[in-house]
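Dear colleague,

Please find below the structure that I am handing over to you. My findings follow it.

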Amino acid sequence: MKKYIIISGLFLLIMGMMASCSKKDEPVDEDGLLITTRTDCYVANFELLGADFQTVRTIAPEIDTAAGTIKQTVRYGTDLKNLWPQFSLAQDCKLDPKITGVTDFSDLANPRKYTVVSGNRKVRKTYTVIITVQSK
């Protein structure tokens, strides 16, 4: 009987120690990403890759953070329905919508829009990706 009381006491002691040592819950968003205090919210770089994962751009992109535009010229003959956009964002930011695969940029009259969400998830900035096809 004394043996069971000692084991039960040790079990309760260990459980108490584990409860006191548990981490404070860190705030995370719906994607499981840590929410920070950062308010920076911008695109630092942009790249377009073709279906063969090779770049299809002709020159460096023009990123205008104030206007919220990314202008990119691609080579003539580029398959605009199968492009992989890649964004480099400010620290702790995320992109909405997420890029989950190839993206169709063939509707040049209606450019795609992406929103950058800051680390604190309170600042949102929308960027319009304007694709221009290089002439022959």
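In which loop is Asp-92 found? The model is a predicted one, and in it Asp-92 is found in the loop between β4 and β5. The phi of Asp-92 is near 70°, a positive value in a residue other than glycine. Asp-92 is partly exposed, with a relative accessible area of 27%.

Arg-121 likewise is not a glycine and has a positive phi, of about 65°. Arg-121 lies in the loop between β6 and β7 and is buried, its relative accessible area being 18%. A further backbone feature is the cis peptide bond from Asp-96 to Pro-97, with omega near 0°; Pro-97 belongs to the loop between β5 (94-96) and β6.

Arg-121 is also touched by Asp-29, as are Ile-35 and Lys-94, not counting residues up to four places away in sequence. Asp-29 sits in the loop between α1 (2-21) and β1 (43-49). Its side chain reaches the backbone nitrogen of Leu-33 at 2.8 Å. Asp-29 counts as buried because its relative accessible area is 9%, under the 20% limit.

Tyr-76 is found in the loop between β3 (69-74) and β4 (84-89).

With kind regards

Methods: Residues numbered from 1 in each chain as written. Predicted model: local features only at pLDDT ≥ 70, side-chain atom pairs only at ≥ 80, totals over all residues. Heavy atoms only, no water. Helix = DSSP H or I, 4+ residues; strand = E, 2+ residues; numbered from the N terminus. Buried < 20%, exposed > 50% of the residue type's maximum accessible area, 1.4 Å probe, protein only. Polar contact = N/O pair within 3.5 Å; in protein donor to acceptor, adjacent residues only side chain to side chain. Contact = heavy atoms within 4.5 Å.
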